[in-house]
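Reader: Please take me through the metal site in this model. I would like one part, looked at closely.

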Amino acid sequence: MGKRHPNPRLVKIHRNYTVEEVALLLGVHKNTVRKWIKQGLPTIDDRRPMLILGRDLYAFLQAKRAKNKRPCKPGEMYCLRCRTPKPPAENMVEYQPTTETLGNLFGICPDCGAGMNRRVNPAKLEQIRGQMDITMPQGVRRIGDSGHPSVNSDSR
Ligand SMILES: [Zn+2]
């Protein structure tokens with residue numbers, strides 16, 4: 001566990017690595033490194049053993065990470081059960097403040113019915129709202145009091 005997303009920060013970008021060295025460095029199997037090469041990790045041509053530029057390895061791992069992250073777009077929340085971001089059922093969510101600068105949005109997954117939540121900074125609520133209809137608990141000042149014009153986006 002924990003080896004599926006090797007940390008790009010372990011890579012020294014000014015070094016060259018053999019397949020064996022990459023495997024040791026990141027704690028993955030040599031076959032995993034060979035698979036990455038097939039997937040597009042560049043190697044230095046015409047060298048035996050094969051050499052991988054640290055810079056290329058770093059960029060490759062970064063891109064891999066970014067792909068795995070699957071960030072939520074505005075209006076979406078992440079369903080842990082479906083493992084995918086999506087808009088909540090009926091676009092209905094409830095906001096629960098945790099602290100002054102942090103809160104949680106709660107919704108229901110339209111596909112599996114599991115609860116979904118998304119951590120948000122209340123100041124950024126408008127940016128991530130999308131089509132979601134956010135219910136604020138009583139006693140919390142209506143968002144949008146910060147001087148922003150109300151976002152009534154029907155452009156999506
Ligand atoms: Zn789901």
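Author: Donors here are N, O and S atoms within 2.8 Å of the metal (3.2 Å for Na, K and Ca); water is not among the atoms, so sites may look incomplete. The donor residues of the zinc ion follow the spacing C-x2-C-x26-C-x2-C in sequence. This is a predicted model: local features need pLDDT of at least 70, side-chain atom pairs count only at pLDDT 80 or more, and totals for chains, interfaces and linings use all residues. Residues are numbered from 1 along each chain as its sequence is written, and side-chain values use heavy atoms, with hydrogens and water left out.

Now the donors themselves. Cys-79, Cys-82, Cys-109 and Cys-112 each give the zinc ion their SG atom. These protein donors lie 2.2 to 2.3 Å from the ion. The angles among the four donor atoms run from 104 to 114°. The site is therefore tetrahedral (four donors, all angles between 85 and 135 degrees).

Next, the chain around the site. Cys-79 and Cys-112 link distant parts of the chain, 33 residues apart. Cys-79 sits in strand 3 (residues 77–79). Cys-112 sits in the loop between strand 6 (103–108) and strand 7 (115–120). Strands (E, at least two residues) are DSSP runs, numbered from the N terminus.

What is the relative accessible area of Cys-79? The value is 0%, so Cys-79 is buried. Cys-112 has 28%, so Cys-112 is partly exposed. Buried means under 20% relative accessible area, exposed over 50%, and partly exposed in between (1.4 Å probe, protein chains only).

Definitions and conventions
Four donors count as tetrahedral if all angles lie between 85 and 135 degrees; four count as square planar and six as octahedral if opposite donors are over 155 degrees apart and all others between 65 and 115; anything else is irregular. Helices (H or I, at least four residues) and strands (E, at least two) are DSSP runs, numbered from the N terminus.
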